[in-house]
Amino acid sequence: MKNFRLLIVFVCMCLLLGGCKKKEPIKEPKEEVKVPKQTFDQKPVDTHEGQVRSLLTGKWVDEAIAKKRPIAIMLSNVKIAVPQSGIENADVVYEAPVEGGITRLMGIFENFQGLEKIGSVRSCRNYFIDFFMGFDAIYSHFGQAVYAVPVLDSEGVDNLNGLDNIGDTVYYRTSDRKSPHNAYTSAEKLEAGIEKMGFRRDYKEGYSGQFKFNSDDKKEIDIQGTDTKYVQPGYFINKPWFEYKQEDKLYYRNQYGGPQIDEATGKQLAYKNIILQYTPWEYYDKNGYLNINTNTGGKGKYITNGKAMDITWKKENQFDPTTFMDANGKELVINQGKTWVCVILDTYEERINISNELIDYKD
């Protein structure tokens, strides 16, 4: 009986102790937080802030550079004067024959800053004036043929002539070559000449450029036409040719039997676009000065990405841009990049070779 009472007391004490135990609070279920997965293959989008399309190449460039008028510089192309210095920086190069069967070059530079030696700089011919004015450029030359004088004196033809009083400001002579093949200029001297002459620095209002470029950054224009690894414009003395390289889809320039390079960099010149512009012409006089007609219009070729197609060209007025057109008469759209324009006397069209084989000119 005594043991029974002890058992009852023990059970009661256990019940009392259990009732005093602290109850655990009821926990609310946690809300699931979804963390986005990180991706490391996304490239930043280039908004091209502070940039605009170049009117010379169609590529994105700094706005401060793109809005300024380019410089068109006359460059000697006789064998004693090559290689030229600074020519690799030219975005557009014009090549045209002058007297005696030689050619002269005109490089059109958008960004020439930092160049200490550009040249050698040679004299002007009147048809080069018509070409550079189409780019709303400032013209750099050292002298001129007599037939160019009245054109240079025309209103709006802003030029830095080495034979004028501005000559000592803009040009200097070197000792590595004989005169007249040793006249050079630099970025600093060009800027000083432009400042001294008070020339307008920015493109004129409403000017939209000479070339119409493909605006797509990713997709290039592959034209329909003749397969073209080699382009030989048929000039007599320097006998130049361009060779297409599939690796970078550029045409590499050669003349006088080998690569044409820039003296300053040692690099061979290469271009995305080649334009052959066939022009009517006649002699001015018995001295061989050429009167190349830049305004009548005519035929030509556009070459890019290993193909060549027929085009035409026209010029509304003497100093207006040249308009190039495709076979349907629509304005030609060209690939972004540098362009070389060969001006071809139309009576020598048969000398041109556009094919996959390089020919050997005997004359």
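Residues are numbered from 1 along each chain as its sequence is written. In this predicted model, local features need pLDDT of at least 70 and side-chain atom pairs count only at pLDDT 80 or more, while totals for chains, interfaces and linings use all residues; side-chain values use heavy atoms, with hydrogens and water left out.

Strands are DSSP runs (E, at least two residues), numbered from the N terminus, and two of them pair if DSSP finds at least two bridges between them. Between β6 and β10 the antiparallel pairing rests on two bridges, and I118 stands opposite T185 in β10.

| Strand | Residues |
|---|---|
| β10 | 183-185 |

R351 lies in the loop between β25 (339-345) and β26 (353-355). Because its relative accessibility is 10%, R351 counts as buried (under 20% relative accessible area; exposed is over 50%, partly exposed in between; 1.4 Å probe, protein chains only). Not counting residues up to four places away in sequence, R351 touches Q232, G234, Y235, F236, Y361 and D363, where contact means heavy atoms within 4.5 Å. A polar atom of the R351 side chain lies 2.7 Å from the backbone oxygen of G234. Although R351 and G234 are 117 residues apart along the chain, their C-alpha atoms are separated by 4.9 Å.

Key
Helix = DSSP H or I, 4+ residues; strand = E, 2+ residues; numbered from the N terminus. Polar contact = N/O pair within 3.5 Å; in protein donor to acceptor, adjacent residues only side chain to side chain.
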